[in-house]
Amino acid sequence: MGVTSQQIAELAGVSRGTVDRALHNRGRVRPEVAERIRKIAEELGYQPHPAAQALVLSNKEFKIGAYVQSIATPTMQMVLAGVEKAAEELKSFGVTTLIRKHYTIDKAVELAAIEEFVAEGCQAIALTPVTDPEVVRKVDELMDAGIPVVVFNGELAESKRLCYVGMDNYVGGKIFGAMMGNMLPNGGKVLPMTAHLANYAHYIRARGFMEVIRADFPKIELLPLQACFDNDEFAYEITKMTLLEHPDLAGVYSASHGTQGACRAIEEAGRTGSIRVFTFDSNPPNVIDLQEGRITLLIDQGAKVQGYRALHILYDYLAKKQKPESKVYTLLTVVTKYNIDNVE
């Protein structure tokens with residue numbers, strides 16, 4: 001049978017109400033008394049009843065700001081859905097979530113959203129960060145001011161952020177490098193393509209892929225890395241021009257959004273199935289292309305989980321004083337048309 005707060009009260013020589021205030025930081029308790037109560041509770045292995053703990057937490061109100069960028073892409077729509085699901089769940093725990101979103105990647109818009117969160121009294125902020133020194137400085141200012149920041153989907157490793165939630169982008173790129181190399185044992189030309197070279201996540205996925213190809217598969221000829229800026233039309237033109245210059249193209253690695261444009265160019269050239277196409281995320285357009293053979297393989301990064309976990313981590317930090325790991329990686333799942341139904 002577990003230790004009760006009444007037993008702690010008797011051992012500490014105080015009332016049960018004093019124990020409650022000391023253990024949950026509510027009301028005024030003399031520091032030496034509070035320390036004695038906490039020491040006794042720790043020695044006895046005291047664990048509050050889940051229902052009582054929920055009641056305590058429900059009496060606290062918090063406000064969290066969440067910013068999601070680039071929502072014009074299907075994957076970021078999934079990330080946003082995770083944020084919205086967490087925000088809805090946390091309402092019952094007294095959490096108000098201010099969600100701000102933008103269709104592209106824009107430093108000025110992100111900084112303005114952060115200023116709005118601060119002005120509205122948010123005690124914590126979750127954001128998909130723009131990789132920029134000004135954003136780093138702003139995150140550091142927030143952390144120094146006691147406003148914890150969780151970055152998700154994109155990393156901001158040089159900042160003081162509380163933690164990063166998302167895939168290990170470098171490892172994801174390396175996995176695809178190994179798979180492309182093994183699928184093309186006799187070599188061939190491969191087009192690496194990403195969205196924004198200035199975006200850390202996009203760049204590091206491309207770098208991991210290219211490093212593995214260069215180190216372990218010298219028969220493969222890597223064509224110059226191209227950026228499509230999350231635009232399917234740009235990706236279409238890039239792939240179309242590449243096919244005109246290199247009709248023997250063997251593979252396309254799409255590190256972010258733009259895959260549908262690349263698939264369309266390949267289909268128009270009559271090369272669907274003969275050109276290996278690798279990309280990330282089981283978003284609806286990618287799932288269709290995977291099922292119909294235009295995409296060879298994809299890696300799911302748990303996009304919904306990233307937005308969802310970011311808010312819950314901040315709530316646990318505010319309400320329960322639970323400090324997260326510096327990096328919270330989501331699961332990487334290699335997906336084919338044969339296991340797509342098993343991926344959420």
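This is a predicted model: local features need pLDDT of at least 70, side-chain atom pairs count only at pLDDT 80 or more; totals for chains, interfaces and linings use all residues.
## Cysteines

Let's start with the sulfurs. Searching the whole structure turns up 0 disulfides. Take C122: its nearest cysteine sulfur belongs to C163 and sits 17 Å away.

As for solvent, C122 is buried, with a relative accessible area of 5%. C263 is buried too, at 3%. Both values count as buried because the cut-off is under 20% relative accessible area.

## Helices α8 and α9

Next, a pair of packed helices. Helix α8 covers residues 169–183 and helix α9 covers residues 200–216. Their axes run 7 Å apart, at an angle of about 35°, and the crossing of α8 past α9 is right-handed.

Who touches whom? On the α8 side, the contact includes N169, Y170, F176 and M180. On the α9 side, I204, R205, F209 and E211 are among the residues involved. Sorted by class, the contact is made up of 9 nonpolar, 5 polar and 4 charged residues.

## A86 in helix α5

Finally, a look at A86, which you'll find in helix α5, residues 74–90. A86 has 0% relative accessibility, so this alanine counts as buried.

Leaving out residues up to four places away in sequence, A86 touches Y308, L311 and H312. N283 is another reference point: 197 residues from A86 in sequence, with a C-alpha to C-alpha separation of 19 Å in space.

Definitions and conventions: Residues are numbered from 1 along each chain as its sequence is written. Side-chain values use heavy atoms; hydrogens and water are left out. A disulfide is a pair of cysteine sulfur atoms within 2.5 Å. Buried means under 20% relative accessible area, exposed over 50%, partly exposed in between (1.4 Å probe, protein chains only). Axes are lines fitted to C-alpha atoms, for helices over the stretch in contact, and angles run from 0 to 180 degrees between N-to-C directions. Helices (H or I, at least four residues) and strands (E, at least two) are DSSP runs, numbered from the N terminus. A crossing is left-handed if the near helix is turned anticlockwise from the far one by less than a right angle, and right-handed if clockwise. Contact means heavy atoms within 4.5 Å. Ala, Val, Leu, Ile, Met, Phe, Trp, Tyr, Cys and Pro count as nonpolar, Asp, Glu, Lys and Arg as charged, and the others, Gly among them, as polar.
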